[in-house]
Amino acid sequence: IILNGMFLNMKNLILYGIVILIFLFIIYLDKTYISTDSKIFDFLAKDYPSSVVQNYMESQKKWWWVSYATTPVLIGIKVLLVAFCLNFVKIISEKLEDVKFRDILTVVLIAEFVFIIAGFYKFFNFYLIDTDYTLETLQTYYPLSLINYKEAISTEKWLAYPLQLANVFEIMYWGVLAWGIWQLADKKISYQRSLGYVALTYGIGLLFWVGVVCFLILSVSY
């Protein structure tokens, strides 16, 4: 009952269900038309014996459902963490102190549609435009981001994740979050101030996360 009062209201459940279903559809499109068995085989055959590659392909067929099963969990955790960070706006501004966590969660779920657009953008890019791709290109690519120009910027492995995050869709995501906070404040604060609140909450949380990921990549690399 308490959890339901916090964030599991019908609106959020419906939004979460829609987001998950669309992401699962994007995964299906990717596995069916982009990350095909032939692409995976060609990528692995360069470095591994055919027997090893064949065993891997068999295991992929056996565990095909894992990515579908983990997607709802991973997205749920991500949405909750972002909402948790944004929840600190209630401390920053008195005009937001009465805002409920479930309302912030609604904003985050709406903002998630930005990454749905990014997912479709990536699919159509490789399905219709950049059709001569390798699996390695597919793994490192992110729509409209600096990671696509990594070789011109730096070859350092630890920079890959920050460069991937530096993309147009992340900027749009910040914009939607700021719009949501602005709406929750009944427009009693400026949109620019709302964007500042997003930077002070979600932005700091994201910076911490990027630091952790870069540290782990450096630790593995060296």
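Reader: How many salt bridges does the count come to here?
Author: It comes to 1 salt bridge, taken as a side-chain nitrogen of Lys or Arg within 4 Å of a carboxyl oxygen of Asp or Glu. Bear in mind that this is a predicted model, where local features need pLDDT of at least 70, side-chain atom pairs count only at pLDDT 80 or more, and totals for chains, interfaces and linings use all residues. Residues are numbered from 1 along each chain as its sequence is written, and side-chain values use heavy atoms, with hydrogens and water left out.

Reader: Thanks! Which residue forms the salt bridge with Lys 78?
Author: Glu 112 does, and the closest N and O atoms are 2.9 Å apart. Glu 112 lies in the loop between H7 and H8 and Lys 78 in helix H5 (residues 66–86), so the pair ties together parts that are 34 residues apart in sequence. Helices here are DSSP runs of H or I with at least four residues, strands are E runs of at least two, and both are numbered from the N terminus.

Reader: Is Glu 112 buried or exposed?
Author: Glu 112 counts as buried because its relative accessibility is 2%. Lys 78, at 30%, counts as partly exposed. The cut-offs are under 20% relative accessible area for buried, over 50% for exposed and partly exposed in between, with a 1.4 Å probe and protein chains only.

Reader: And the charges in general, how many positive and negative side chains are there?
Author: There are 17 positive and 17 negative ones, and the centres of the two sets lie 7 Å apart. Lys and Arg count as positive, Asp and Glu as negative, and His and the chain ends are not counted. Each charge is placed at NZ of Lys, CZ of Arg, CG of Asp or CD of Glu.

Reader: Let's zoom out. How many helices and strands does the protein have?
Author: The protein has 13 helices and 0 strands. Its C-alpha atoms fill a box of roughly 65 × 40 × 35 Å along the principal axes, and buried residues make up 36% of the 222 residues.

Reader: Which residues of H7 are buried?
Author: Phe 101, Ile 104, Leu 105, Thr 106, Val 107, Val 108, Leu 109 and Ala 111. That is 8 of the 11 residues in H7 (residues 101–111), so this helix is mostly covered.

Reader: What about Leu 96, where is it?
Author: Leu 96 is in the loop between helix H6 (89–92) and H7. With a relative accessible area of 0%, Leu 96 is buried. Setting aside neighbours within four places in sequence, Leu 96 is in contact, meaning heavy atoms within 4.5 Å, with Val 89, Lys 90, Ile 181, Leu 184, Ala 185, Ile 189 and Tyr 197. As for Glu 112 again, Leu 96 and Glu 112 are 16 residues apart in sequence and 22 Å apart in space, C-alpha to C-alpha.

Reader: Switching to the surface, which residues make the nonpolar patch?
Author: Phe 25, Tyr 28, Tyr 33, Phe 124, Tyr 127, Leu 128 and Ile 129 make a patch of about 760 Å². Patches use residues with over 30% relative accessible area and no salt bridge, joining like charges within 9 Å and nonpolar side chains (Val, Leu, Ile, Met, Phe, Trp, Tyr) within 5 Å. Areas come from the Shrake-Rupley method with a 1.4 Å probe, and for residues only the protein chains shown count as cover.

Reader: Which helices supply at least two residues of the patch?
Author: Helix H2 (10–34) and helix H8 (113–129) each do, and the largest share, 4 residues, comes from H8. Tyr 127 is found in H8 and counts as partly exposed at 41% relative accessibility.

Reader: Last one: what is the phi of Asp 186?
Author: Phi of Asp 186 is positive, about 55°, although Asp 186 is not a glycine. Asp 186 is in the loop between helix H12 (168–184) and helix H13 (191–221), and at 56% relative accessibility Asp 186 counts as exposed. Lys 187, found in the loop between H12 and H13, has a positive phi near 60°.
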